[in-house]
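Colleague: Please take a close look at the sheet architecture. Which strands pair, and what packs on them?

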Amino acid sequence: MKVYISADIEGVAGVVAVDQTRTGNGEHERCRRLMTEEVNAAIEGALAGGATEVLVNDSHGSMTNLLPDLLHPKARLLQGRPKPFNMFAGLDDDHRVVFCTGYHAGVGQFGVLAHTTSSAAFRRIEINGMAMSEATLYGAYAGERGVPIGLISGDDQCADQHRTLFPQAELVTVKRSLGNRAADSLSPAAARQKLAAAAERVMRRLDDLTPFVIAKPRRLVIEMNTVVQADLAATIPVAERLDATRLRFQIKSAGEAVRWVNTLSALAASLG
């Protein structure tokens, strides 16, 4: 039984500051270890619940955060970027369930370090009027492949945003948001214990899970942070400009939405 884990960092217990999520400083080095340990807890729970294979995708920033030498020996690890489908690279139809560890609320929402893909690029992302977090955007891509989301860990605001969209998933709250850059967090050991237990529970009721699918026809609307970012994005031939900062794309699938979001994020970064 194959399990897929997408690992982010903002939703990890003990992570509250931007510097903790960026490479090149001691705080990030410490938080890389916390991130890896939470992933290991999810792997332990998955294996205890019957998983036979676990693929972990490093899904944050440079995607070189997880510490390979500390990763559970029974898991495989994807790292680096760019890679196809980014945060869900390597997901295939044979995976039975997806775990999202260290996740967070979406752009424009309350929650610790809340954003969707790029806080520098996007003010809002929506499909058919539904605000997209990373879990909903990529969860819809997984859903199109028939793979359900079984676990999402992060803060209480992350849980609140995703509760109705993923009603059968285990929503593991490892900290309570006190603002965008402050939290009341469980100890790392307590967070890991909670994650392992939730992962094992969901493995024992996989038949209860249903994939998350957004109805057709699908329309992707992206609001950029600045007018100049929208100016650049509007040069894409299929982009329809709605106003100074918003663009619309007609999409056939959530997979196309993932590709457009990553493309516009890279374009915005090129402006400096």
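Modeller: Two strands pair if DSSP finds at least two bridges between them. Strands (E, at least two residues) and helices (H or I, at least four) are DSSP runs, numbered from the N terminus. The model is predicted: local features need pLDDT of at least 70, side-chain atom pairs count only at pLDDT 80 or more, and totals for chains, interfaces and linings use all residues. Residues are numbered from 1 along each chain as its sequence is written, and side-chain values use heavy atoms, without hydrogens and water.

Take the open sheet of 7 strands. Its order is S3-S2-S1-S4-S7-S8-S9, with mixed pairing. S3 (75–78) and S9 (182–185) are the edge strands, each pairing on one side only. On average, neighbouring strands here are turned by 25 degrees against each other, direction ignored. Lys175 has Ser185 in S9 as its bridge partner. Helix H4 (188–203) packs on this sheet, touching (heavy atoms within 4.5 Å) S1 (2–7), S4 (95–101), S7 (149–155) and S8. H4 makes about 145 degrees with the direction of S8. Such angles run from 0 to 180 degrees between N-to-C directions, with axes fitted to C-alpha atoms, for helices over the stretch in contact.

Now the open sheet of 5 strands. The order is S6-S5-S10-S12-S11, with antiparallel pairing. S6 (130–131) and S11 (240–241) each have a single partner strand, so one side of each lacks a neighbour in the sheet. S5 (122–127) joins S6 through 2 bridges. Met130 in S6 is the bridge partner of Ile127. Helix H6 (254–270) lies across S5, S10 (218–224) and S12 (246–251), at about 15 degrees to S10.
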